Amino acid sequence: MKKSLKKSLYFGLAAVSVLAATSVATTNASAKSYAKVTSNKTLTTAATSRNVNLNGSNALYTKAGTLKGAKVVASTATAKSLSSSTNGAATFRAYQVATTNRGSVYYKVVSFDGQYRGWIYGGKSTTKFGGGISSYNTTKSATAPATTATYKLTDSAVSSSSNKAIYAQPAWAQYKVGRAKLNGSVIASTDAYKDTFFTFNDAATNRAGDLYYKVASASNESGLVGDWIPASTVTQSNAEPAATSDNSISVVYKTANGNQVGAASGKFIAAAGTNTKAGQAANDIKNTAGQTIDDFIKANLPAGYQLATGSYVGTTFGGTANVTVVAASTSKATLLSLDTPTSVGTTGLTAADFSNAPALTAAQQADFTGNSSSLVSSGTLFKTLESAFGTNKYYLKATATGADGKPVYTYYTYDQSRTESDSANVAAKYGNNINLYFDKNTTTTAPAAADTSTNTNFLN
């Protein structure tokens, strides 16, 4: 009996030992199946560059999904639903990144509404989003209203107790960026802006497709410039009235032989509140954009044409203005240098050769355009050039060193007489190349800074 008991104890202990060994082996194997974090850092790149969208391929966890104890925050099904959502709240901001000993990268993200926060597999790079997330543009560009259009808040957008109209960014465009601030305080009501006239210079749609306008000016509060207003909360205050025979004029453009070559895209319509009648001369009456009929005619000239000499007829309300135009061409200019004013040979120059090249304003450059059948000398171009260039010194970029070791600068001055005589010799017409002559000189005086209000677009 003792022998039997002893044998039973032996086998019992052996069985316990095997079970214990198996348990240890299982525990060790299980421990080895979990990943470990080798790096965990806060992202420091610009916050707006860390907007991401879930793509539904990976779930969101309380910690990196391969770490022991990780629990699901949002399943792959939920992630997929969020991915295709049109709600701006479904956008996420990444703010932390971790790498495991297996080389996997996980990003910690939070939804814009704060409902979901956790870790998601992000691929193998700590500098580029991958895996279950991708970079996301929270807005798309849209067409802004005309800069001449003014807007006011709608009655429903005006409130003494809430602000649903003036935002720092379009709704859900950025994490934790909502209503606009003024002097450091959130704008809590819009009543103070019920009589404000706004103009806009940019537009965008958000994830939901809602259209927003960016404030370019606000009549009674400059601090609102740069803020965003939903298009649905404003109405145009200077909208053009409907055209009638009492307030509008059609405009067509014809050559001298009567061939029509164009027409204004719309009618000239007197601004709202203007008392006009059919048959009345337009004179200085203005439209909604602040244009007179003369301004309107010039602004709508067909491409490649300009007004002919003489007046146009028919600028009375209810009628059609017949505007005579001529084909117009624009000349370009070439810079030529002369070693002396009497030189026969010339050297070509470009704007790139100068530290302060000869340049003109846009208004001055308009004189390079004229009737394509007319001589350039019949216009005001040469007077404009003489006035603009005068005796100014235009310095080359390259410098030399004089015998005294000091720098010597090469510069050019405009030669009006040579320029005019050359144009006369070739009977240059608008559209032909114009040679502009400059005389070469040297000085030890350093060049002056270039005028930033001009440009060299008139040069070849």
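Q: Which residues do ring pairs link into a cluster with Y151?
A: In this predicted model, ring pairs join Y151 with F198, F200 and Y213 in a cluster.

Q: How many aromatic pairs are there in the whole structure?
A: The search of the whole structure returns 19 aromatic pairs. One of them is formed by F112 and Y175, whose rings are tilted, with 5.9 Å centre to centre and 40 degrees between the planes.

Q: Where do F112 and Y175 lie?
A: F112 is in the loop between β6 (105-111) and β7 (117-121), and Y175 is in the loop between β10 and β11 (181-182). The pair therefore ties together parts of the chain that are 63 residues apart in sequence.

Q: And is that pair buried or exposed?
A: Both F112 and Y175 are buried.

Q: What about F268 and F296: why is that pair edge-to-face?
A: The ring centres of F268 and F296 are 5.7 Å apart and the planes stand at 65 degrees, so the pair counts as edge-to-face, the class for angles over 60. F268 belongs to strand β19 (residues 268-269) and F296 to helix α3 (residues 293-299), so placed that the pair links distant parts of the chain, 28 residues apart. F268 and F296 are both buried.

Q: Changing topic: how many salt bridges does a search of the whole structure find?
A: The search finds one salt bridge. In it, the side chains of D195 and K152 meet at 3.8 Å, N to O.

Q: Which parts of the chain does that pair link?
A: D195 sits in the loop between β12 (185-186) and β13 (198-205), while K152 is in strand β10 (residues 151-153). These are distant parts of the chain, with the two residues 43 apart.

Q: In what sense do β22 and β27 pair?
A: Strand β22 (residues 333-338) and strand β27 (residues 434-443) pair in the parallel sense, over six bridges. L335 stands opposite L436 in β27.

Q: Which residues touch the most other members of the largest nonpolar core?
A: That core has 24 residues, and F354, L385, F389, L436, F438 and F458 touch the most other members. The elements that contribute two or more residues are β22, α5, β25, β26 and β27. Helix α5 gives the most, with five residues.

Q: What does F438 touch?
A: Leaving aside residues up to four places away in sequence, F438 touches residues including L335, L336, L338, P358, F389, Y394 and Y412.

Q: What other core lies apart from the largest one?
A: Another core, of 20 residues, lies apart from it, and among its members are L182, A218, A231 and V234.

Methods:
Residues are numbered from 1 along each chain as its sequence is written. This is a predicted model: local features need pLDDT of at least 70, side-chain atom pairs count only at pLDDT 80 or more; totals for chains, interfaces and linings use all residues. Side-chain values use heavy atoms; hydrogens and water are left out. Two strands pair if DSSP finds at least two bridges between them. Helices (H or I, at least four residues) and strands (E, at least two) are DSSP runs, numbered from the N terminus. A salt bridge is a side-chain nitrogen of Lys or Arg within 4 Å of a carboxyl oxygen of Asp or Glu. A nonpolar core is a set of buried Ala, Val, Leu, Ile, Met, Phe, Trp, Tyr and Cys residues joined through side-chain atoms within 4.5 Å. Buried means under 20% relative accessible area, exposed over 50%, partly exposed in between (1.4 Å probe, protein chains only). Contact means heavy atoms within 4.5 Å. Rings of Phe, Tyr and Trp (its six-membered ring) pair if their centres lie within 6.5 Å; planes under 30 degrees apart count as stacked, over 60 as edge-to-face and the rest as tilted.
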